[in-house]
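Here is a short report on charged side chains and helices. Look at the model first, then read on.

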Amino acid sequence: MPRTSDKPERLRAAAFTLTRDKGVDGWTLADVAAAAGVPAGSIFYHFRTKEAMVLGVADELDSDLAAILATCALEDGPVARLTALLDTYGDRSSEIVARGTAIGTLAPQLRRAGAADRVVALQERLVGWIAAQFEELGFAPAAARARALHLLSGIEGAAALAYALGDPQPLDLEAAHLARWVSRASA
């Protein structure tokens, strides 16, 4: 039976971290290999180019988003699911203050590195998921999408401000405000 390798996952995770911390232009394939503990020569077996590795970073971001949404989906009802999504920002506030959000920090990097279509698909999936929660609350599709954009813009904007200031307060305040706004939407 052939042995499966976890090298691609380790390489994607290392590239994800390096992109978040240094930007796409701040690392090389050799840096990724070193961070992943993989011999530099073997990286080309899994990712032939930096562009391929950038797509791997997009895949890693997509996997993280899928895990977050799957966890939120376990909540009972759309208000609880939206609140759980907002809570994920609060739960990671120290990481966000230190590094920004994965979506907010990595999306512009990935767009500039040639993965714009992947970034758009990822953002649309998140907006769609949020909009579906508002539709379940009885909002028409256009109104639900507008509310989804409002919620995501608010929390990502607050996360960006928290990162810029090095202070979680803007994120904490906006998350609490949006949680109240969501709870009133169900009334």
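Buried means under 20% relative accessible area, exposed means over 50%, and partly exposed lies in between. The model is predicted. Aspartate 87 has a relative accessible area of 41%, so aspartate 87 is partly exposed. Aspartate 87 sits in helix α5 (residues 78–91). Together with Glu75, Asp76 and Asp91, Asp87 forms a negative surface patch.

**Salt bridges**

The structure holds eight salt bridges. The table gives three of these pairs.

| Pair | Closest N and O atoms |
|---|---|
| Glutamate 9 and arginine 12 | 3.7 Å |
| Arginine 12 and glutamate 60 | 4.0 Å |

Glu9, Arg12 and Glu60 are linked in a network. Glutamate 9 and arginine 12 both lie in helix α1 (residues 7–22), three residues apart, about one turn of the helix. Glutamate 9 is partly exposed at 41% relative accessibility, whereas arginine 12 is buried at 18%. Arginine 12 is in α1 and glutamate 60 is in helix α4 (residues 50–73), so their pair ties together parts that are 48 residues apart in sequence. Glutamate 60 is buried, with a relative accessible area of 18%.

Glutamate 124 in helix α8 (residues 116–136) and arginine 145 in helix α9 are 21 residues apart, and the pair links distant parts of the chain. Glutamate 124 is partly exposed at 38%. Arginine 145 is partly exposed at 34%.

**Helix α9**

Helix α9 (residues 141–165) has 25 residues and should span 36 Å at 1.5 Å a residue. Its end C-alpha atoms are 36 Å apart, which agrees. Buried residues in α9 include Ala144, Leu151 and Glu156. Just after α9, glycine 166 takes a positive phi of about 70 degrees.

Terms used: Residues are numbered from 1 along each chain as its sequence is written. This is a predicted model: local features need pLDDT of at least 70, side-chain atom pairs count only at pLDDT 80 or more; totals for chains, interfaces and linings use all residues. Side-chain values use heavy atoms; hydrogens and water are left out. Patches are made of residues with over 30% relative accessible area and no salt bridge: like charges are joined within 9 Å, nonpolar side chains (Val, Leu, Ile, Met, Phe, Trp, Tyr) within 5 Å. Accessible areas come from the Shrake-Rupley method with a 1.4 Å probe; for residues, only the protein chains shown count as cover. A salt bridge is a side-chain nitrogen of Lys or Arg within 4 Å of a carboxyl oxygen of Asp or Glu. Lys and Arg count as positive and Asp and Glu as negative; His and the chain ends are not counted. The place of a charge is taken as NZ of Lys, CZ of Arg, CG of Asp or CD of Glu. Helices (H or I, at least four residues) and strands (E, at least two) are DSSP runs, numbered from the N terminus. Buried means under 20% relative accessible area, exposed over 50%, partly exposed in between (1.4 Å probe, protein chains only). The expected span of a helix is 1.5 Å times one less than its number of residues.
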